[in-house]
Amino acid sequence: MAKKDIMHTYGRFEPVFNKGKGIYLYDENDNEYLDFVSGIAVNTLGHCHPKIAETLKNQGQTLIHLSNLYWNDKQNNLAEKLVSLGEHDSVFFCNSGTEANEAALKLARKHGKSISASKNKIIYMKNSFHGRTMGALSVTGQGKYQEQFKPLIGAVVECEYNSIEDFNSKMDGEVCAVIMEVIQGEGGLIQVEEEFLKNVRKLCDEKEALLIFDEVQCGAGRLGTFFAYQKFGVVPDVVTMAKGLGGGFPIGAMLSKGKASSVLVPGDHGTTFGGNPLACAVALTVIEEVVDGGILAEVDKKSEYFCSKIEKLMARHKSIEKINGMGLLLGVKLSGVESKDFVAKAFEKGFLVVGAGNNVVRVIPPLNVTYEELDKGIEKIEEVLEELEK
Ligand SMILES: Cc1ncc(COP(=O)(O)O)c(C=O)c1O
(Lines give C-alpha, C1' and ligand atoms only; values in the text may rest on other atoms or scores of the structure.)
Protein backbone atom coordinates (compact mmCIF):
# COMPACT_ATOMS: atom_id res chain seq x y z
CA MET A 1 0.00 0.00 0.00
CA ALA A 2 1.58 3.25 -1.12
CA LYS A 3 -0.63 5.30 1.22
CA LYS A 4 1.96 5.01 4.00
CA ASP A 5 4.53 6.69 1.75
CA ILE A 6 2.53 9.91 1.58
CA MET A 7 3.23 12.56 4.19
CA HIS A 8 0.31 12.71 6.55
CA THR A 9 -0.79 16.31 5.96
CA TYR A 10 -4.46 15.63 5.18
CA GLY A 11 -7.26 13.82 6.92
CA ARG A 12 -8.58 11.69 4.08
CA PHE A 13 -11.39 9.26 3.41
CA GLU A 14 -10.23 5.68 2.85
CA PRO A 15 -11.19 4.83 -0.76
CA VAL A 16 -8.68 5.47 -3.52
CA PHE A 17 -10.16 7.29 -6.50
CA ASN A 18 -9.02 6.58 -10.00
CA LYS A 19 -11.61 7.99 -12.39
CA GLY A 20 -13.96 10.92 -12.88
CA LYS A 21 -16.60 11.85 -15.42
CA GLY A 22 -18.82 14.90 -15.28
CA ILE A 23 -20.13 15.30 -11.75
CA TYR A 24 -19.17 11.74 -10.74
CA LEU A 25 -16.03 10.30 -9.19
CA TYR A 26 -15.26 6.58 -9.07
CA ASP A 27 -13.11 4.66 -6.62
CA GLU A 28 -11.01 1.56 -7.24
CA ASN A 29 -13.99 -0.67 -6.59
CA ASP A 30 -16.05 1.27 -9.11
CA ASN A 31 -18.25 2.86 -6.47
CA GLU A 32 -19.81 6.06 -7.78
CA TYR A 33 -19.85 9.35 -5.87
CA LEU A 34 -21.89 12.44 -6.70
CA ASP A 35 -19.27 15.16 -6.39
CA PHE A 36 -20.51 18.46 -4.93
CA VAL A 37 -16.99 19.38 -3.85
CA SER A 38 -15.47 19.84 -7.31
CA GLY A 39 -11.95 19.65 -5.90
CA ILE A 40 -13.00 22.56 -3.63
CA ALA A 41 -14.31 24.92 -6.32
CA VAL A 42 -11.80 23.76 -8.93
CA ASN A 43 -13.55 21.45 -11.38
CA THR A 44 -15.58 24.21 -13.02
CA LEU A 45 -16.68 21.92 -15.85
CA GLY A 46 -16.78 18.69 -13.86
CA HIS A 47 -14.31 15.86 -14.28
CA CYS A 48 -12.51 15.19 -17.56
CA HIS A 49 -14.58 17.58 -19.65
CA PRO A 50 -13.98 16.61 -23.29
CA LYS A 51 -12.95 20.15 -24.26
CA ILE A 52 -10.34 20.25 -21.49
CA ALA A 53 -9.07 16.79 -22.44
CA GLU A 54 -8.84 17.89 -26.07
CA THR A 55 -6.94 21.06 -25.16
CA LEU A 56 -4.51 19.09 -23.00
CA LYS A 57 -3.86 16.73 -25.89
CA ASN A 58 -3.50 19.39 -28.57
CA GLN A 59 -1.44 21.82 -26.51
CA GLY A 60 0.56 18.89 -25.15
CA GLN A 61 1.60 18.17 -28.71
CA THR A 62 2.33 21.82 -29.47
CA LEU A 63 4.12 23.53 -26.56
CA ILE A 64 4.00 22.63 -22.87
CA HIS A 65 6.56 24.82 -21.14
CA LEU A 66 9.09 27.49 -21.82
CA SER A 67 10.69 30.02 -19.55
CA ASN A 68 9.17 33.40 -18.81
CA LEU A 69 12.34 34.73 -20.42
CA TYR A 70 10.23 34.41 -23.58
CA TRP A 71 6.69 35.36 -24.59
CA ASN A 72 4.19 32.62 -25.33
CA ASP A 73 1.02 32.95 -27.36
CA LYS A 74 -1.32 31.23 -24.88
CA GLN A 75 -0.20 33.40 -21.95
CA ASN A 76 -0.73 36.51 -24.05
CA ASN A 77 -4.17 35.34 -25.17
CA LEU A 78 -5.25 34.44 -21.64
CA ALA A 79 -4.11 37.78 -20.25
CA GLU A 80 -6.00 39.59 -23.01
CA LYS A 81 -9.12 37.55 -22.26
CA LEU A 82 -8.96 38.16 -18.49
CA VAL A 83 -8.43 41.88 -19.03
CA SER A 84 -11.40 41.99 -21.42
CA LEU A 85 -13.70 40.39 -18.86
CA GLY A 86 -13.26 42.97 -16.11
CA GLU A 87 -11.77 46.25 -14.99
CA HIS A 88 -8.11 45.28 -14.68
CA ASP A 89 -5.31 45.95 -17.11
CA SER A 90 -2.44 43.70 -16.16
CA VAL A 91 -2.00 40.04 -15.22
CA PHE A 92 0.72 38.06 -13.43
CA PHE A 93 0.45 34.29 -13.78
CA CYS A 94 1.41 31.72 -11.18
CA ASN A 95 0.32 28.23 -10.15
CA SER A 96 -1.99 28.41 -7.15
CA GLY A 97 -4.15 30.65 -5.01
CA THR A 98 -1.53 30.98 -2.33
CA GLU A 99 1.02 32.08 -4.87
CA ALA A 100 -1.36 34.65 -6.32
CA ASN A 101 -1.83 36.06 -2.82
CA GLU A 102 1.91 36.08 -2.16
CA ALA A 103 2.35 38.09 -5.34
CA ALA A 104 -0.34 40.52 -4.17
CA LEU A 105 1.28 40.93 -0.75
CA LYS A 106 4.65 41.68 -2.31
CA LEU A 107 3.06 44.12 -4.73
CA ALA A 108 1.36 45.81 -1.77
CA ARG A 109 4.57 46.13 0.25
CA LYS A 110 6.42 47.64 -2.69
CA HIS A 111 3.56 50.03 -3.36
CA GLY A 112 3.69 51.16 0.27
CA LYS A 113 7.45 51.64 0.21
CA SER A 114 7.16 53.87 -2.84
CA ILE A 115 5.08 56.26 -0.71
CA SER A 116 6.88 56.05 2.64
CA ALA A 117 9.25 53.71 4.47
CA SER A 118 6.71 53.03 7.21
CA LYS A 119 3.75 52.33 4.92
CA ASN A 120 3.89 48.55 5.24
CA LYS A 121 0.90 47.39 7.28
CA ILE A 122 -1.53 44.92 5.73
CA ILE A 123 -5.05 44.64 7.11
CA TYR A 124 -6.76 41.25 6.82
CA MET A 125 -10.11 39.96 8.03
CA LYS A 126 -10.89 37.66 10.92
CA ASN A 127 -12.00 34.22 9.77
CA SER A 128 -10.40 34.67 6.34
CA PHE A 129 -8.36 32.10 4.46
CA HIS A 130 -5.61 33.11 2.03
CA GLY A 131 -3.26 30.13 1.94
CA ARG A 132 -0.54 28.25 3.78
CA THR A 133 2.77 29.90 2.88
CA MET A 134 4.26 32.24 5.47
CA GLY A 135 2.91 35.43 3.88
CA ALA A 136 -0.54 34.14 2.99
CA LEU A 137 -0.78 32.39 6.35
CA SER A 138 0.12 35.58 8.18
CA VAL A 139 -2.99 37.27 6.75
CA THR A 140 -5.23 34.25 7.31
CA GLY A 141 -7.49 35.18 10.20
CA GLN A 142 -7.74 31.73 11.75
CA GLY A 143 -5.40 31.04 14.65
CA LYS A 144 -5.67 27.27 14.28
CA TYR A 145 -3.70 27.41 11.03
CA GLN A 146 -1.12 29.87 12.33
CA GLU A 147 -0.26 28.81 15.85
CA GLN A 148 2.40 26.15 15.14
CA PHE A 149 4.24 28.29 12.61
CA LYS A 150 4.86 31.52 14.45
CA PRO A 151 6.61 33.90 14.13
CA LEU A 152 4.80 34.89 10.95
CA ILE A 153 5.50 37.98 8.87
CA GLY A 154 5.13 41.26 10.72
CA ALA A 155 3.03 44.40 10.20
CA VAL A 156 -0.22 42.52 9.65
CA VAL A 157 -3.36 43.66 11.42
CA GLU A 158 -6.54 41.66 11.93
CA CYS A 159 -9.92 43.35 11.48
CA GLU A 160 -13.37 42.13 12.42
CA TYR A 161 -15.14 41.22 9.14
CA ASN A 162 -17.98 43.62 8.41
CA SER A 163 -17.19 45.91 11.36
CA ILE A 164 -16.83 49.46 10.06
CA GLU A 165 -15.88 50.63 13.53
CA ASP A 166 -13.03 48.13 13.88
CA PHE A 167 -11.82 48.78 10.35
CA ASN A 168 -11.80 52.56 10.79
CA SER A 169 -9.88 52.26 14.04
CA LYS A 170 -7.14 50.24 12.29
CA MET A 171 -6.93 52.02 8.97
CA ASP A 172 -4.18 54.63 9.02
CA GLY A 173 -1.51 56.08 6.76
CA GLU A 174 0.82 53.16 7.43
CA VAL A 175 -1.51 50.67 5.78
CA CYS A 176 -0.31 49.68 2.32
CA ALA A 177 -3.11 47.20 1.57
CA VAL A 178 -6.28 45.51 2.71
CA ILE A 179 -6.81 41.90 1.68
CA MET A 180 -10.23 40.27 1.89
CA GLU A 181 -12.70 37.80 0.39
CA VAL A 182 -16.14 39.06 -0.64
CA ILE A 183 -17.41 35.67 0.47
CA GLN A 184 -15.30 33.88 3.06
CA GLY A 185 -15.13 30.39 1.57
CA GLU A 186 -13.33 28.42 4.26
CA GLY A 187 -14.84 30.71 6.88
CA GLY A 188 -18.41 29.49 6.33
CA LEU A 189 -19.61 31.32 3.19
CA ILE A 190 -19.96 34.58 5.05
CA GLN A 191 -20.70 37.49 2.74
CA VAL A 192 -19.28 40.97 2.97
CA GLU A 193 -21.81 43.71 3.74
CA GLU A 194 -22.26 46.41 1.13
CA GLU A 195 -21.80 49.29 3.54
CA PHE A 196 -18.62 47.78 4.97
CA LEU A 197 -17.18 47.16 1.52
CA LYS A 198 -17.92 50.70 0.32
CA ASN A 199 -16.29 52.08 3.44
CA VAL A 200 -13.19 49.91 2.89
CA ARG A 201 -12.92 51.11 -0.72
CA LYS A 202 -13.31 54.75 0.34
CA LEU A 203 -10.67 54.57 3.06
CA CYS A 204 -8.25 52.67 0.84
CA ASP A 205 -8.52 55.53 -1.66
CA GLU A 206 -8.08 58.17 1.02
CA LYS A 207 -5.03 56.47 2.55
CA GLU A 208 -3.50 55.32 -0.76
CA ALA A 209 -3.76 51.68 0.29
CA LEU A 210 -4.41 48.94 -2.25
CA LEU A 211 -7.59 46.93 -1.97
CA ILE A 212 -6.94 43.26 -2.74
CA PHE A 213 -9.80 40.84 -3.31
CA ASP A 214 -8.94 37.19 -2.93
CA GLU A 215 -11.24 35.56 -5.49
CA VAL A 216 -9.40 32.25 -5.40
CA GLN A 217 -12.52 30.39 -4.28
CA CYS A 218 -15.35 32.73 -5.28
CA GLY A 219 -14.06 33.89 -8.68
CA ALA A 220 -13.98 32.40 -12.19
CA GLY A 221 -17.75 32.38 -12.49
CA ARG A 222 -18.69 30.77 -9.16
CA LEU A 223 -20.91 33.64 -8.09
CA GLY A 224 -22.65 34.08 -11.44
CA THR A 225 -20.32 36.80 -12.75
CA PHE A 226 -16.84 35.99 -14.00
CA PHE A 227 -15.18 38.08 -11.31
CA ALA A 228 -16.77 37.98 -7.88
CA TYR A 229 -16.38 41.75 -7.43
CA GLN A 230 -18.80 42.26 -10.32
CA LYS A 231 -21.58 41.12 -7.98
CA PHE A 232 -20.68 43.75 -5.41
CA GLY A 233 -20.17 46.95 -7.40
CA VAL A 234 -16.77 47.69 -5.85
CA VAL A 235 -13.64 47.31 -7.95
CA PRO A 236 -10.49 46.26 -6.10
CA ASP A 237 -7.01 47.39 -7.18
CA VAL A 238 -5.81 43.80 -7.20
CA VAL A 239 -7.67 40.52 -7.70
CA THR A 240 -6.22 37.10 -7.07
CA MET A 241 -7.62 33.95 -8.58
CA ALA A 242 -6.77 30.27 -9.10
CA LYS A 243 -8.89 27.15 -8.40
CA GLY A 244 -11.73 27.30 -10.96
CA LEU A 245 -9.69 29.20 -13.54
CA GLY A 246 -7.93 26.05 -14.71
CA GLY A 247 -10.87 23.71 -14.24
CA GLY A 248 -8.53 21.19 -12.57
CA PHE A 249 -5.23 22.16 -14.14
CA PRO A 250 -3.05 24.24 -11.79
CA ILE A 251 -2.96 27.95 -12.57
CA GLY A 252 -3.15 31.13 -10.53
CA ALA A 253 -3.37 34.75 -11.53
CA MET A 254 -3.06 38.18 -9.99
CA LEU A 255 -4.74 41.02 -11.83
CA SER A 256 -4.13 44.67 -11.13
CA LYS A 257 -5.27 48.00 -12.38
CA GLY A 258 -4.04 51.56 -12.71
CA LYS A 259 -1.04 52.47 -10.60
CA ALA A 260 -0.87 48.96 -9.12
CA SER A 261 0.03 47.61 -12.56
CA SER A 262 3.38 49.34 -12.73
CA VAL A 263 4.64 48.52 -9.22
CA LEU A 264 6.43 45.26 -10.01
CA VAL A 265 9.28 45.42 -12.52
CA PRO A 266 11.67 42.79 -13.87
CA GLY A 267 13.50 41.06 -11.03
CA ASP A 268 10.85 41.82 -8.36
CA HIS A 269 8.81 38.67 -8.65
CA GLY A 270 8.52 35.54 -10.73
CA THR A 271 7.88 31.83 -10.95
CA THR A 272 9.28 29.15 -13.22
CA PHE A 273 6.01 27.47 -14.15
CA GLY A 274 3.60 30.44 -14.00
CA GLY A 275 1.84 31.18 -17.28
CA ASN A 276 3.11 28.13 -19.14
CA PRO A 277 1.29 27.52 -22.43
CA LEU A 278 -0.37 24.30 -21.29
CA ALA A 279 -1.98 25.84 -18.19
CA CYS A 280 -2.98 28.97 -20.10
CA ALA A 281 -4.50 26.97 -22.96
CA VAL A 282 -6.64 25.03 -20.49
CA ALA A 283 -7.76 28.22 -18.74
CA LEU A 284 -8.69 29.72 -22.10
CA THR A 285 -10.83 26.65 -22.80
CA VAL A 286 -12.49 26.93 -19.39
CA ILE A 287 -13.32 30.59 -20.00
CA GLU A 288 -14.56 29.86 -23.50
CA GLU A 289 -16.95 27.23 -22.16
CA VAL A 290 -18.04 29.16 -19.07
CA VAL A 291 -18.39 32.65 -20.48
CA ASP A 292 -18.89 32.25 -24.20
CA GLY A 293 -20.59 28.87 -23.95
CA GLY A 294 -23.43 30.23 -21.81
CA ILE A 295 -22.72 28.36 -18.56
CA LEU A 296 -22.11 31.58 -16.63
CA ALA A 297 -25.49 32.98 -17.61
CA GLU A 298 -27.19 29.98 -15.95
CA VAL A 299 -25.37 30.11 -12.62
CA ASP A 300 -27.84 32.44 -10.89
CA LYS A 301 -30.83 30.41 -12.09
CA LYS A 302 -29.29 27.17 -10.88
CA SER A 303 -28.47 28.80 -7.57
CA GLU A 304 -32.04 30.02 -7.11
CA TYR A 305 -33.36 26.60 -8.04
CA PHE A 306 -31.13 24.85 -5.52
CA CYS A 307 -31.79 27.39 -2.76
CA SER A 308 -35.56 27.13 -3.24
CA LYS A 309 -35.28 23.36 -2.85
CA ILE A 310 -33.22 23.80 0.32
CA GLU A 311 -35.85 26.16 1.66
CA LYS A 312 -38.46 23.45 1.11
CA LEU A 313 -36.23 21.02 2.99
CA MET A 314 -35.99 23.50 5.85
CA ALA A 315 -39.70 23.14 6.46
CA ARG A 316 -39.16 19.41 7.08
CA HIS A 317 -35.73 19.48 8.70
CA LYS A 318 -35.11 21.71 11.67
CA SER A 319 -31.40 21.06 11.53
CA ILE A 320 -31.08 23.31 8.47
CA GLU A 321 -30.77 26.80 9.85
CA LYS A 322 -30.21 28.74 6.64
CA ILE A 323 -28.38 28.81 3.36
CA ASN A 324 -25.33 31.03 3.00
CA GLY A 325 -23.37 32.08 -0.04
CA MET A 326 -24.14 33.06 -3.58
CA GLY A 327 -24.20 31.52 -7.04
CA LEU A 328 -22.86 27.98 -6.88
CA LEU A 329 -20.73 28.65 -3.82
CA LEU A 330 -23.33 27.81 -1.24
CA GLY A 331 -23.26 26.75 2.38
CA VAL A 332 -25.99 24.90 4.21
CA LYS A 333 -25.80 26.10 7.80
CA LEU A 334 -26.77 23.38 10.24
CA SER A 335 -27.82 23.55 13.84
CA GLY A 336 -27.61 20.56 16.16
CA VAL A 337 -25.64 18.64 13.52
CA GLU A 338 -21.91 19.11 13.05
CA SER A 339 -20.65 19.56 9.51
CA LYS A 340 -18.04 16.80 9.97
CA ASP A 341 -20.78 14.30 10.84
CA PHE A 342 -22.83 15.40 7.86
CA VAL A 343 -19.84 15.12 5.51
CA ALA A 344 -18.96 11.63 6.81
CA LYS A 345 -22.52 10.34 6.52
CA ALA A 346 -22.85 11.84 3.03
CA PHE A 347 -19.64 10.08 2.02
CA GLU A 348 -21.09 6.74 3.11
CA LYS A 349 -23.98 7.47 0.78
CA GLY A 350 -21.77 8.28 -2.19
CA PHE A 351 -22.23 12.03 -1.90
CA LEU A 352 -19.24 14.35 -1.62
CA VAL A 353 -19.56 17.66 0.21
CA VAL A 354 -17.05 19.59 2.29
CA GLY A 355 -17.43 21.46 5.57
CA ALA A 356 -16.62 25.09 6.26
CA GLY A 357 -16.16 25.51 10.00
CA ASN A 358 -18.14 23.46 12.49
CA ASN A 359 -21.62 23.87 11.15
CA VAL A 360 -21.63 24.80 7.47
CA VAL A 361 -21.64 22.24 4.66
CA ARG A 362 -20.40 23.65 1.39
CA VAL A 363 -22.22 22.89 -1.83
CA ILE A 364 -19.87 23.52 -4.75
CA PRO A 365 -21.01 21.57 -7.81
CA PRO A 366 -19.39 22.19 -11.19
CA LEU A 367 -20.88 25.23 -12.92
CA ASN A 368 -22.26 23.02 -15.69
CA VAL A 369 -24.25 20.94 -13.17
CA THR A 370 -27.68 20.02 -14.53
CA TYR A 371 -30.99 20.60 -12.74
CA GLU A 372 -31.39 16.83 -12.46
CA GLU A 373 -28.01 16.58 -10.74
CA LEU A 374 -29.00 19.38 -8.37
CA ASP A 375 -32.14 17.38 -7.56
CA LYS A 376 -29.98 14.35 -6.82
CA GLY A 377 -27.93 16.47 -4.45
CA ILE A 378 -31.07 17.60 -2.66
CA GLU A 379 -32.22 13.98 -2.32
CA LYS A 380 -28.86 13.05 -0.82
CA ILE A 381 -28.96 15.97 1.62
CA GLU A 382 -32.40 14.86 2.78
CA GLU A 383 -31.28 11.22 3.15
CA VAL A 384 -28.30 12.29 5.25
CA LEU A 385 -30.38 14.56 7.45
CA GLU A 386 -32.99 11.86 7.99
CA GLU A 387 -30.30 9.58 9.39
CA LEU A 388 -28.56 12.19 11.47
CA GLU A 389 -31.81 13.50 12.95
CA LYS A 390 -32.89 10.01 14.13
C1 LIG B 1 -9.97 32.20 -0.59
C2 LIG B 1 -8.76 31.34 -0.77
N3 LIG B 1 -7.58 31.89 -0.95
C4 LIG B 1 -6.47 31.16 -1.13
C5 LIG B 1 -6.52 29.79 -1.10
C6 LIG B 1 -5.27 28.98 -1.32
O7 LIG B 1 -5.28 28.50 -2.62
P8 LIG B 1 -4.33 27.28 -3.05
O9 LIG B 1 -4.73 26.12 -2.23
O10 LIG B 1 -4.58 27.14 -4.52
O11 LIG B 1 -2.93 27.70 -2.80
C12 LIG B 1 -7.75 29.15 -0.91
C13 LIG B 1 -7.82 27.68 -0.85
O14 LIG B 1 -8.73 27.10 -0.34
C15 LIG B 1 -8.90 29.94 -0.74
O16 LIG B 1 -10.10 29.38 -0.55
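Colleague: What should helix 10 span, and how far apart are its end C-alpha atoms?
Modeller: Bear in mind that this is a predicted model, where local features need pLDDT of at least 70, side-chain atom pairs count only at pLDDT 80 or more, and totals for chains, interfaces and linings use all residues. Residues are numbered from 1 along each chain as its sequence is written, and side-chain values use heavy atoms, with hydrogens and water left out. Helix 10 covers 295-316, 22 residues (helices are DSSP runs of H or I, at least four residues, strands of E, at least two, numbered from the N terminus). The expected span is 1.5 Å times one less than the number of residues, so helix 10 should span 32 Å, and its end C-alpha atoms agree, being 32 Å apart.

Colleague: Which elements do the buried residues of helix 10 pack against?
Modeller: Buried means under 20% relative accessible area, exposed over 50%, partly exposed in between (1.4 Å probe, protein chains only). Among the buried ones in helix 10 are Leu296, Val299 and Phe306. With contact meaning heavy atoms within 4.5 Å, the buried residues pack against helix 9 (277-292), strand 13, strand 14 (329-334), strand 17 (360-363) and helix 12.

Colleague: Is Asn324 buried or exposed?
Modeller: Asn324 sits in strand 13, residues 320-326. Beyond its neighbours within four places in sequence, Asn324 has contacts including Gly188, Leu330 and Val360. Its relative accessible area is 7%, so Asn324 is buried.

Colleague: How far is the backbone oxygen of Gly188 from a polar atom of the Asn324 side chain?
Modeller: Gly188 is one of the contacts of Asn324. From that backbone oxygen to the side-chain polar atom of Asn324, the distance is 3.1 Å.

Note on methods
Polar contact = N/O pair within 3.5 Å; in protein donor to acceptor, adjacent residues only side chain to side chain.
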